[in-house]
Amino acid sequence: MIEVFGYLTWRSARNRIVRQLRQLRSPRYLAALLLGLAYLWFVVIGQRPTTSATATVDPKVLELIGASALFGAVAWGWIFGVERRVLAFSPAEVTFLFSGPVSRQGLIQFKLLRTQLLILFNALLWTLILSRERFGVSAWLRVISIWVMLTTLSFHRLGASFVRTSLSEHGRLGARHRSVSLVVLGAFLVALVWSIADALPELVAARQQAGSNFLTAMAAAFDRPLARVLTYPFRIMIRPLAAHSMAEWLASLWPALLLMVLHYVWVVRSDTAFEEAAAEASLQRATAMASGGISVPATGQRPRRALIRLSASGWPAGAILWKNLMAATRTRRMRSTAVSLALAGVVVAVLSFDPEGTLAEAAGWLALFWAGLMVISGPQYVRNDLRGDLLKLDLLRSYPLRGWSVVLAEAGASTLMLTLIQVALLGLSYLAFLGNQTLYPGLEERTLLLLLSLVFLPPINLLGMLIQNGAALLYPAWVRVGAGRPGGVEILGQNLLMVIAFALLLGLTLIIPAALGGGSYLLLRPGIGDWAMLPSAGLALLAMGYEASWMVEWLGGLFERTDPVAAGITT
Amino acid sequence: MIQVDGLHKLYGDFPAVQGLSFSVGGGEVLGLVGPNGAGKTTTIRSIAGIIIPTSGRIEVAGHDLKADPVAAKGALAFIPDEPHLFEYLTVEEHLRFVARLYRLGDVGPRIPGLLAELDLSDKRHALPGELSRGMKQKLAIACGLLHDPKALLLDEPLTGLDPVGIRRMKSTIMRRAAEGTAVILSSHLLHLVEEICTRVLVMQRGRAVAFGSIPEILAERPDLRSRKLEDVFLALIGQGGDAGQP
């Protein structure tokens with residue numbers, strides 16, 4: 001059976017690549033490919049080691065950081081069960097494989113095989129991205145090390161997803177069925193709590209001293225016997241990356257390989273849970289595809305009352321904006337995010353008046369960091385716009401609307417949602433520092449900054465969303481339209497490169513507004529003092545508005561000219 | 001009401017539609033028939049403004065589709081064979097959404113009657129995920145007809161409907177035509193075409209091979225006069241042979 005799966009995987013991948021390469025006959029796609037290659041070349045050249053060969057990353061530090069990151073990824077999988085997408089079969093796969101003479105174990109092997117292509121590609125990308133860091137033996141061995149690490153991680157999160165599904169579907173019966181996994185997990189959690197409690201006094205003491213002491217204390221905490229046992233699986237996944245000689249690499253690889261094989265056995269033996277999880281994930285995938293890639297509520301689940309009412313009159317394309325906002329308000333993830341942010345806001349505001357205030361302060365900085373990060377990462381993840389609706393291009397094109405109004409409404413919905421999340425995070429940060437009298441900038445300046453963010457974030461986010469929607473319109477055959485958000489630990493490398501490319505484009509777009517705003521401020525400040533901020537901000541906003549209107553007009557024309565069949569957009 | 005002149009559509013080097021010209025007046029029902037790949041769907045989707053023709057001119061209710069697409073699209077409704085619905089909007093919200101798009105004002109008072117007509121009253125607050133395929137199709141049709149289009153384009157309109165739905169669909173099409181709507185429908189169901197279409201356009205490899213009412217087409221081909229409609233169709237597209245010869 002493995003040959004059949006290999007054939008299906010290989011031919012599907014090959015035909016997909018051939019189909020995408022055919023697009024290169026279009027100058028637009030060819031130009032994008034050349035730019036992409038130049039970008040990758042820049043990454044490789046830019047990442048060439050500049051330090052001497054002897055300067056290496058301390059293996060202990062690498063092990064500590066790497067193991068912590070892997071622990072975070074594993075914990076995320078257990079808490080959120082995010083690996084469902086690996087289980088999702090396409091409607092064709094369900095038709096041919098589920099009803100065919102294929103065992104459940106065979107189906108798991110097929111899905112794991114398909115994931116391998118993605119993991120291999122991303123292992124190569126990570127090798128490129130990390131090529132500046134002088135650790136590991138050689139680039140090729142590093143590819144193998146990263147492949148083993150990503151595969152193990154992927155298997156683990158898949159296994160965790162099985163356990164979660166089994167428990168949620170069958171409760172006590174599921175718990176009995178998954179008893180071994182649960183006992184191991186329980187023992188790990190107890191030991192972890194014990195270990196943290198044991199090391200906490202030293203860590204708190206180190207925290208009150210200088211920064212480097214804290215890292216040393218962390219390393220010491222990780223070195224305690226119990227912590228060493230707990231972090232051992234994570235360390236052995238990292239060690240091949242840190243090896244400095246072939247012998248060292250070989251010695252560190254086999255435990256990592258053994259761990260990977262153990263995970264494989266664990267996952268492949270999870271056939272019952274797999275069947276349930278796969279069925280659920282496939283159903284979600286099928287409905288998500290039908291809805292243009294937005295995850296949909298379970299059948300039978302009553303929709304919530306509309307939070308926003310659509311008025312009978314007004315801008316016609318406003319209906320599209322409303323539709324996308326409705327989709328967001330009816331998503332469980334969005335609702336839980338809103339509730340969590342509101343609750344967190346109340347808690348940190350109360351905590352901020354505590355004389356120690358450490359917890360509120362940490363939450364404040366985290367929220368601030370997150371809000372800033374979302375300027376770059378947000379447009380890739382908030383996708384209730386053309387990227388979700390392009391699979392319904394037929395329907396959109398039949399509406400009596402000009403292209404520019406469709407583009408504006410679609411991008412506007414995502415912009416609004418992203419801005420709301422950022423403003424909530426900034427508000428959270430503001431509340432966290434509310435009782436802090438010593439922080440610079442002071443309360444008045446912080447209030448002013450918060451108000452300024454309300455003015456500047458929407459146009460910046462709109463430009464970001466227009467770039468993302470423009471990419472989907474320009475390259476529908478290459479950009480993922482519909483079918484959910486990009487994600488998963490396997491394609492972290494791809495996502496990282498995409499985020500960097502997007503940040504560069506957004507930065508380019510913001511150069512002129514920033515130059516105009518900054519330049520006018522410098523010119524006017526000697527004359528009118530701080531009041532120069534007002535015309536400068538106005539000028540920057542005007543420039544962003546002009547850029548956005550130009551992009552909306554251009555993308556609108558593109559929308560009107562896009563032929564769904566020629567562009568390869570098929571439902 | 002619908003005027004098509006010299007419609008050409010190329011996909012790369014492949015001609016999907018070649019030099020198609022026809023018109024459909026108010027009250028007429030034109031049936032597009034032809035084998036798979038004949039260009040029926042491309043023709044309908046070009047008239048709906050979804051596909052951009054390589055050349056040719058399309059006019060809907062007096063509006064040039066290229067020069068004034070918003071007015072032209074505002075006068076037509078396109079109902080595809082697969083109902084495209086938004087998974088997060090309820091049945092009623094779909095109707096309100098369409099009303100806003102087509103500037104229909106407050107359709108609230110009309111909604112209960114419309115839903116009752118479609119047997120969807122108890123599904124008013126349901127999401128598409130809770131509807132059967134037939135119900136989804138009904139909702140898509142209701143959305144298409146809400147703005148009383150002057151031109152109605154239907155691609156395989158009976159797909160997925162049960163016998164009651166089929167009868168209702170046919171009577172809806174005929175009633176709309178009787179009220180002055182120009183209707184174009186594409187279908188493989190020849191009995192449907194024979195029953196409700198006033199004229200037929202038979203397509204083969206992107207070209208029109210016959211156009212007119214069934215008696216007009218038979219008048220041009222006396223050799224086919226005594227044959228069943230299915231045989232006439234097969235003969236017109238060059239697949240006839242002697243099959244079905246009485």
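**Entry 1: helix 6 of chain B**

I began with what the buried residues of helix 6 of chain B pack against, and I found strand 3 (29-33), strand 7 (151-155), strand 8 (182-186) and helix 7 (190-196) of chain B. I note here that the model is predicted. The buried residues in question are B:Met169, B:Ile173 and B:Arg176. Viewed down the axis of helix 6 of chain B, these buried residues fall within an arc of 70°, so they line one face of the helix. On the face turned away from that buried side I listed the exposed residues B:Pro163, B:Val164, B:Arg167, B:Ser171, B:Arg175 and B:Ala178.

I then checked the length of the helix. Helix 6 of chain B covers residues 163-178, 16 residues, and its first and last C-alpha atoms are 22 Å apart, close to the 22 Å expected at 1.5 Å a residue. After helix 6 of chain B comes B:Gly180, for which I recorded a positive phi near 110°.

**Entry 2: the sheet of chain B**

I next looked up the order of the strands. In chain B, 6 strands form an open sheet in the order 6-7-8-3-9-10, with mixed pairing. Strand 6 (76-79) and strand 10 (207-212) of chain B are at the edges with a single partner strand each, so one side of each has no neighbour in the sheet. On average, neighbouring strands of this sheet are turned by 15° against each other, direction ignored. Helix 1 (residues 40-47) of chain B packs on the sheet and touches strand 3, strand 7, strand 8 and strand 9 (199-204) of chain B. The direction of helix 1 makes about 150° with that of strand 8 of chain B.

I went through the pairings next. Strand 3 and strand 8 of chain B run parallel and are joined by 4 bridges. Strand 3 and strand 9 of chain B also run parallel, with 4 bridges, and B:Leu32 stands opposite B:Leu201 of strand 9. Strand 9 and strand 10 of chain B, by contrast, run antiparallel and are joined by 5 bridges; B:Val202 has B:Ala210 of strand 10 as its bridge partner. The hairpin of strand 9 and strand 10 of chain B has 2 residues between the strands, and B:Arg205 takes a positive phi near 50° in this hairpin.

**Entry 3: B:Leu30**

Is B:Leu30 buried or exposed? I counted 22 C-beta neighbours inside 10 Å; as the threshold for burial is 20 or more, B:Leu30 counts as buried. Its bridge partner in strand 8 of chain B is B:Ile184. Apart from neighbours within four places in sequence, I found B:Leu30 in contact with B:Val24, B:Val183, B:Ile184, B:Cys197, B:Arg199 and B:Leu201. I also noted a C-alpha separation of 11 Å between B:Leu30 and B:Ser187, which are 157 residues apart along the chain.

**Entry 4: chain A and its side towards chain B**

I turned to the contact between the chains, where 34 residues of chain A meet 31 residues of chain B. Helix 12 (271-290), helix 13 (318-329) and helix 17 (393-398) of chain A each supply at least two residues of the side of chain A that touches chain B. The largest share of that side, 5 residues, comes from helix 13 of chain A. By class I recorded 19 nonpolar, 7 polar and 8 charged residues on the side of chain A that touches chain B.

Lastly I examined helix 6 of chain A. This helix (residues 104-129) has 26 residues and reaches 37 Å from its first C-alpha to its last, close to the 38 Å expected at 1.5 Å a residue. Its buried residues include A:Leu107, A:Phe110, A:Ile119 and A:Trp126.

Notes: Residues numbered from 1 in each chain as written. Chains lettered and ligands numbered in written order. Predicted model: local features only at pLDDT ≥ 70, side-chain atom pairs only at ≥ 80, totals over all residues. Expected span 1.5 Å × (residues − 1). Buried ≥ 20, exposed ≤ 12 C-beta atoms within 10 Å, placed from the backbone. Arc of directions from axis to C-beta. Contact = placed C-beta atoms within 7 Å. Pairing = 2+ DSSP bridges. Axes fitted to C-alpha atoms, helices over the stretch in contact; angles between N-to-C directions. Nonpolar A, V, L, I, M, F, W, Y, C, P; charged D, E, K, R; others polar.
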